[in-house]
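Reader: I would like to go through this structure with the terms spelled out. Please set each value against its definition.

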Amino acid sequence: MELGDKVLKGHIRSIGKAISCIENNRPEKEQLIDYLYPFCGKAEVIGVTGSPGAGKSTLVDKLIKRERKLGKKVGIIAVDPSSPFSGGAILGDRLRMQNHASDDDVYIRSMASRGHLGGIATATADAIKIFDAAGFDLIIIETIGVGQTEIEVMDLADLVLLVLVPGMGDEIQALKAGIMEIGDIYVINKKDHDGAQKLYAEVEYVLNINQSENDKEKNPIILTSANLDEGIDDLVKCYRDYFKYIRCNNILEEKRKKRIVNEINHIFTEKIISEVNQFLHIEKKINQWVKNILHEKVGPYTLINKKIEQFIKEFKEQ
Ligand SMILES: Nc1nc2c(ncn2[C@@H]2O[C@H](COP(=O)(O)OP(=O)(O)O)[C@@H](O)[C@H]2O)c(=O)[nH]1
Ligand SMILES: [Mg+2]
């Protein structure tokens, strides 16, 4: 497979082409992903999430710098679930990461929500495989905001940095709303702003009350000033240690297994639904069903159960 082979060689334009192929859900997508699959599993995946303006892109830029010094190839996927196009926010991100524009071992790709059949999380999962097979050592996924889709996207990472900043007010709301739980390492950025220490204490407090007595490994909290390049070495050391810890304790293995379960569920559900839709010609029938429910007051459960029964009967007779 020509495109697949070029991706395996790390050919940048082919990586771009391969990602476009999954974004547009081209027919050759499945073959491409499965061709690359045996070469996946080596890359480490870090997720970076937090409110817009928290400094995620600035931070990622500094992380790229550190990883490049160690000779690592770094791929960045900027995911914007809220926007149908790769718009302004992502352009800004590119600007903040432009220090690496001429470096062939850094590749930044943005993905918007437009037209992803199985959802943007599935498309991101495939993009990760492309980077992985192409020999990128580290893949960083940055989401634009924090919401349900972002949480799904963060499930794809081996380790998640949750970036919080003082004075935004919504941070403590986020802690309460359970968004906190998606973080493995808590980064309090803009430590040059007032309130950073106070936020540190609050985060520590919330983490303490949420952790059980026997939870030995605490989630680290790191203070940074991304634009001043402060605290970044601490952060890098912290996630390196964290990777070691999750590798040794089988946590990484379990995370990856859970991810495969999600992936199977996603692909399976999507395919079954599409098969059933085709077999039943649901598109053609749905108006009649609406009439049944609206005018004849047939309950939706009764109607759908009856249709499924019919479907199974017809299917068996086939
Ligand atoms: N004062 C201060 N500003 C920062 C810091 N980190 C980032 N910024 C600024 O915050 C703004 C938003 O940063 P950006 O990286 O785009 O945030 P993102 O939306 O989370 O990706 C930019 O103007 C950055 O220069 C920091 O540690 N301290
Ligand atoms: Mg950003």
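Author: Two residues are in contact if their C-beta atoms, placed from the backbone, lie within 7 Å. In the protein chain, residues 24 or more positions apart account for 76% of the contacts with a separation of 6 or more. This is a predicted model, in which local features need pLDDT of at least 70 and side-chain atom pairs count only at pLDDT 80 or more, while totals for chains, interfaces and linings use all residues. Residues are numbered from 1 along each chain as its sequence is written, and chains are lettered from A and ligands numbered from 1 in the order in which they are written.

Reader: How many helices and strands does the protein chain have, and what makes a run count as one?

Author: There are 13 helices and 7 strands in the protein chain. Both are DSSP runs numbered from the N terminus: helices are H or I with at least four residues, strands are E with at least two.

Reader: What makes Lys-56 buried or exposed?

Author: A residue is buried if 20 or more other C-beta atoms lie within 10 Å of its own, exposed if 12 or fewer, and partly exposed in between; the C-beta atoms are placed from the backbone. Lys-56 has 27 other C-beta atoms within 10 Å, so Lys-56 is buried. Lys-56 lies in helix H4, residues 56-69. Leaving out residues up to four places away in sequence, Lys-56 touches Val-48, Gly-50, Glu-142 and Val-163. Of the 318 residues of the protein chain, 34% count as buried.

Reader: What about Lys-190 and Asp-229, where phi is positive in a residue other than glycine?

Author: Phi is near 60 degrees in Lys-190, and near 60 degrees in Asp-229. Lys-190 is found in the loop between S6 and helix H9 (196-210), and Asp-229 in the loop between S7 and H10. With 25 other C-beta atoms within 10 Å, Lys-190 is buried. Asp-229 has 14 such atoms within 10 Å and is therefore partly exposed.

Reader: How do you know which strands pair, and in what order do they stand in the sheet?

Author: Two strands pair if DSSP finds at least two bridges between them. Strand S1 (residues 44-49) and strand S4 (residues 138-143) are joined by 5 bridges and run parallel; Val-45 stands opposite Ile-139 in S4. S2 and S3 are joined by 7 bridges, also in parallel, and Val-79 has Met-111 in S3 as its bridge partner. The open sheet of 7 strands has the order S3-S2-S4-S1-S5-S6-S7, with parallel pairing.

Reader: Why are S3 and S7 called edge strands?

Author: Strand S3 (106-112) and strand S7 (221-223) each have a single partner strand, so one side of each is left without a neighbour in the sheet. Even so placed, S3 is mostly covered, with 6 of its 7 residues buried.

Reader: How do you know that the span of H10 is as expected?

Author: The expected span of a helix is 1.5 Å times one less than its number of residues. Helix H10 (residues 232-248) has 17 residues and reaches 24 Å from its first C-alpha to its last, close to the 24 Å expected.

Reader: What puts the buried residues of H10 on the same side?

Author: Ile-232, Leu-235, Tyr-239 and Tyr-242 are buried in H10. They cover an arc of only 80 degrees around the axis, which puts them on the same side of H10; the arc is that of the directions from the helix axis to the C-beta atoms. On the other side of H10, Asp-233, Arg-240, Asp-241, Lys-244 and Cys-248 are exposed. The buried residues of H10 pack against S1, H4, S5, S6 and S7.

Reader: What makes a set of residues a nonpolar core, and how many are in the largest?

Author: A nonpolar core is a set of buried Ala, Val, Leu, Ile, Met, Phe, Trp, Tyr and Cys residues joined through C-beta atoms within 7 Å. The largest has 64 residues, and those with the most contacts inside it include Ile-139 and Val-187. Helix H6 (residues 120-133) gives the most to this core, with 9 residues. Among the residues that Val-187 touches, not counting those up to four places away in sequence, are Leu-59, Leu-161, Ile-222 and Leu-235.
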